[in-house]
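Subject: Structure for you to look through

Dear colleague,

I am handing over the structure below, and my notes on it follow. Please read them with the model open beside you.

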Amino acid sequence: MGKVIITTGNYSAAYAAKAAKVDVVAAYPITPQTSIIEKISEFIEKGEMKAEYIRVESEHSAMAACIGASVAGARTFTATSAHGLALMHEMLHWAAATRAPVVMAVVNRAMGPPWNIWSDHVDSLSQRDTGWMQFYVESNQEIFDTIIQAYRVAEDPEVKMPAMICSDAFILSHTSQPLEILSEEEVEDFLPPYEPPFDITDVDHPVTHGNIVWPEPRGDSPVGYMEFRYLMHQGQLNAKRKIKEIVKEFEKKFGRNHGDLIEKYKVDDADVAIVSMGALAAQAKYVVDLMREEGYRVGAIKLRVFRPFPDDEIREVTKGLKALVVADRNISYGYKGISATEIESALYSLEKRPLVLNFIMGIGGRDVKPEDQRKMIEAAFDIIETGELTKEAEWYGLLR
Amino acid sequence: MVWIIEVINMTILGLPEEEYIMSGNASCPGCGAALALRHVLKALGKRTVLVIPACCTSVIQGLYPRSGIGVPVLNMAFEATGAAASGVVAALKAKGKDDITVVGWAGDGGTADIGIQALSGAAERKTDFIYICYDNEAYMNTGIQRSGATPYGALTTTTPVLGKKEHKKDMPMIMAAHKIPYVATATSGYPKDLYEKVKRAKELKGEGTKYLHILSPCPPGWRYDSKLTVKISKLAVETGLWILYEIDRGKFKLSGPSKRLLDPSKRKPVEEYLKLQGRFRGLSDEDIREIQRWVDENWKNIEKMMETE
Amino acid sequence: MQSSSSLLEKLPLTPLSKPAKGAMGKTGSWRTLKPVIDLNKCTKCGLCWLYCPEATVIFTKEEGPKIDYVYCKGCGICAEECPAKAIDMVREF
């Protein structure tokens, strides 16, 4: 049992980067991520963490620096939120296509204008097509553990794709919870030494990375661009399997399991389950317990890994359900909640599938209380009765 | 005695024989940038990693699976050279590998415009690398659009009728204001001067960012017959339009042919340079006078700088 | 549908090119004018080697310059800069 302290989500991320013995950190401050990089700076300047910290001048540069460091042989870490993540967008594509296993803590914060520093998931979900793996966590311990697990998955030779660990602004980032810190030795045992996707500093075997590739096999090249993109996709698909293996191994070694691609809570004999991402997944379990006491057959599903998307697991876990409440702390304007669209598409191939109710809630950090989650679940039970389901997503809690 | 003979055999005109530019690359015939890079790499040698943003050189490398450059190259997004190079430098430091030179090789667009932030940040952080801007005075790779480094009066595809109305952004002086250990200007037509300056930059390892700015004539972009690249390069210097100098640990010194041009009578009139290039065909007499005035003013500033030292 | 999956397995994760001549093919085919050196006039000064952007002037102190016609793009810099006027740009077609 390692040292247990009471600390914030942000500091938990800093402790994880330290435990993972990252070599290079390149990061730019943005509320509410700042205390992650401040803590890391303190570790480094006090000599407690041996890493190079590049105090870059923007988030775009932060990711560019992480990519440069990654292919030069360094394990890298960065952190950001909202606009910083958006500014990095180009380089997120670049990191994934370089197969650079960068790990990044994203503190989910609403996009402006107007300025809003509180939580919703639009920022990270907007990046879901970049090739980055995405984890959504519900506690500070899970922030720490998942960063460690993410290095293991990302750096796996069959994966080699970057990963972001997303935690809710202020709800986790600035809230103190107990954290068991794993020591560097324990983590070193769990994380093999870093291997870059290729070594740009190998001057004896010079390579050029990234010059033009035709769309199709042509001239000297037996493959085109599309084949390389296919390999990236395979990397993410391999990650599905690897995440499960790694979570099992982590549990065996350290005694904790936060779920692998999803976490099921009292779903097996449920009629309705509520799907959540992030901190609200923790609160959902509390609501489920309260409602179970009243006799409701209800369960909770934490959608922990959003990319690679756990379509098999969703189909499997929703088998016996009559209805699924998908509570999205995000919106894809002009359609519906993002996890709802992905879940519905995963369920499409089933002959028998649950009704899906999509609620848009908590946008811009609007508070979602246990009563609110309860009302969403009750709505699902009503619809099972009446069979009347609106196709649109319902915005929960407007003008309140 | 054998090793002495080997050293002599390995040089031509005092420059190493070894080529790091592979023939048959995608550069245009007569490319000033390719000529510059050829000599830059001779000065840098094998233990070099290049970071190259989107620019002509990205394309010059040719098509996968071949590369026209003989040292490791990390291609990079347009604005990110300074940042990606900072990352490579940090990783080398973290791994304790200190005998590899990291070099950013970028065009004028990726340096003076979209890339200026990352470069300025890297320089301010005393990032230990060499940044070399090869300046063909427009976004040549995408088809000759105007950049901040395009000179006054030049026709480009985004200043196709009226020509650029603003003078060239003075990147070397902007970098000098960062108080970095080495700033130097060079041009493709004086390869030995360029070679010596790159060697000097390499010597200053461990002292922070070294910046070189190479005027690189471009036959299709400047609209001249490809055979004139070296001649035009030299005329830029001989007219005083492009000044060769170094600011070495804060000390300013003129180099090569620029040394004797403090005397305006020794400078060739700017027309001799301008009339060879189709991009200046739209210049009125007034424009030419403005360009001459700008040249003379630059030299007055140089004079002032040299007096205060 | 997996075709040539073994080819895909052998690919590097991300495209890595190796230094090689002819990265844009046999660029000698780009020429319309070809440099021809008159070794009688040549003083072996080495300037053609110095100024060639393509590294297609092969130079030795014993034999002087020789053009690699497979890749020479015919830019004409060598002819223009030769102080002995020993290089002619000759129409190939």
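Eleven strands form an open sheet with mixed pairing, in the order S4(B)-S1(C)-S9(A)-S5(B)-S3(B)-S6(B)-S7(B)-S9(B)-S8(B)-S10(B)-S11(B); helices (H or I, at least four residues) and strands (E, at least two) are DSSP runs numbered from the N terminus, and two strands pair if DSSP finds at least two bridges between them. Its edge strands, each of which pairs on one side only, are S4 (66–67) and S11 (251–254) of chain B.

Please bear in mind that this is a predicted model, in which local features need pLDDT of at least 70 and side-chain atom pairs count only at pLDDT 80 or more, while totals for chains, interfaces and linings use all residues. Residues are numbered from 1 along each chain as its sequence is written, and chains are lettered from A and ligands numbered from 1 in the order in which they are written.

Within the sheet, strand S3 (residues 48–52) and strand S5 (residues 73–75) of chain B pair in the parallel sense over three bridges, and Val51(B) stands opposite Leu74(B) in S5(B). By contrast, strand S9 (residues 208–209) of chain A and S1(C) pair in the antiparallel sense over two bridges, with Leu16(C) as the bridge partner of His209(A).

**Where chain C touches chain A**

Eleven residues of chain C are in contact with 18 residues of chain A, contact meaning that the C-beta atoms, placed from the backbone, lie within 7 Å. On the chain C side, the elements that give two or more residues are helix H1 (5–10) and strand S1 (16–19), and the largest share, four residues, comes from S1(C).

**Chain C and Lys73(C)**

Chain C has three helices and five strands, which run α-β-β-α-β-β-α-β from the N terminus on. Its C-alpha atoms fill a box of roughly 65 × 30 × 15 Å, taken along the principal axes.

Lys73(C) is found in the loop between strand S4 (64–67) and helix H3 (77–81) of chain C. Is Lys73(C) buried or exposed? Lys73(C) counts as buried because it has 26 C-beta neighbours inside 10 Å, where 20 or more make a residue buried, 12 or fewer exposed, and numbers in between partly exposed. Leaving aside neighbours within four places in sequence, Lys73(C) is in contact with Pro29(B), Thr27(C), Trp30(C), Arg31(C) and Glu54(C). The C-alpha atoms of Lys73(C) and Trp30(C) are separated by 5.7 Å, although these residues lie 43 residues apart along the chain.

With best regards

How values were computed:
Two residues are in contact if their C-beta atoms, placed from the backbone, lie within 7 Å.
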